Amino acid sequence: MDEPILTIEEREAINGGRWFSSLSPSLRHDILRCTFVKRYKDGDLICARGDPPDQWIACAKGAVRVSSTTVSGKQVTLTYVEPGIWFGDVAIFDGDRRTHDAYAHGDTTIVCVARADFQKILASHIELYEALMRLQARRIRQLFGLVEDLNTLPLRARLAKQLIHLVRSYGVPNLADGSQMRIGLHLAQEELAQLLGASRQRVNQELKAMEREQAIRIEPAGLVVLDRAALMRISEADDQ
């Protein structure tokens, strides 16, 4: 069921997004004025491969798991869209159908702008064209960086980089020790392995090694980062 009102935390997540916060106040106002809100439970399908590009979407709470399906029918997770991030604009621009499935990961809230409203905003705010070009450029840089890492870095360094990113996006301070950060996005080791293009067994081995080095702690509820600087050293040492 659609819920027309965002919570304070959800609205802060949208307004605090790096890209969205760089827009002019009038453009942000016109975008939010056209949005409608949808809420999903863990595992709910948000949009499917082959769907028409009828909405521009931003995550306001939880995460959106973007995945594809192999010829054998296995689902492979490609990325997680975090709160404050917009997506779906590429399909609106080229008019082609969506290329991947998107599922809610945990209780998830998204805001949507209908395609017709998106085009009206473009027509009245030339600023949005340049802003979207910057957004696409950033995505391309990130994609090239991921491809480079996949081809040049060992799994240990790539895992450390991924954990640093997850802490930055989903880190929750430990109440008992504020220097420790719990990763609030709950990922099974298989899901983490898919993000890295590796097997669950190899990722498990690297996680245990990092735990022995007291960089992280593995708990049933997820991962706790004990020493972010140690993770940085792991990624930088293996990057040379």
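Colleague: At what angle do helix 6 and helix 8 pack?

Modeller: Bear in mind that this is a predicted model. Helix 6 covers residues 155-170 and helix 8 covers residues 200-212. Their axes lie 10 Å apart, and the packing angle is about 75°.

Colleague: Is that roughly parallel or roughly perpendicular?

Modeller: Angles from 65 to 115 degrees count as roughly perpendicular. With an angle of about 75°, helix 6 and helix 8 are therefore roughly perpendicular.

Colleague: Which residues of helix 8 make the contact?

Modeller: On the helix 6 side you'll find Leu-155, Arg-156, Leu-159, Ala-160 and Leu-163. By class, the whole contact has 7 nonpolar, no polar and 3 charged residues. From helix 8 come Arg-202, Val-203, Glu-206, Leu-207 and Met-210.

Colleague: How far apart are the end C-alpha atoms of helix 5?

Modeller: Helix 5 has 27 residues, 126-152, so at 1.5 Å a residue it should span 39 Å. The model agrees with that: the end C-alpha atoms are 40 Å apart.

Colleague: Are the rings of Phe-20 and Trp-86 stacked or edge-to-face?

Modeller: Phe-20 sits in the loop between helix 1 and helix 2, while Trp-86 is in strand 5, 66 residues apart. Both are buried. Their ring centres are 5.6 Å apart and their planes are at 25°, so the pair is stacked.

Definitions and conventions: Residues numbered from 1 in each chain as written. Predicted model: local features only at pLDDT ≥ 70, side-chain atom pairs only at ≥ 80, totals over all residues. Heavy atoms only, no water. Axes fitted to C-alpha atoms, helices over the stretch in contact; angles between N-to-C directions. Helix = DSSP H or I, 4+ residues; strand = E, 2+ residues; numbered from the N terminus. Parallel < 35°, antiparallel > 145°, perpendicular 65-115°, else oblique. Contact = heavy atoms within 4.5 Å. Nonpolar A, V, L, I, M, F, W, Y, C, P; charged D, E, K, R; others polar. Expected span 1.5 Å × (residues − 1). Phe/Tyr/Trp six-rings, centres within 6.5 Å; stacked < 30°, edge-to-face > 60°. Buried < 20%, exposed > 50% of the residue type's maximum accessible area, 1.4 Å probe, protein only.
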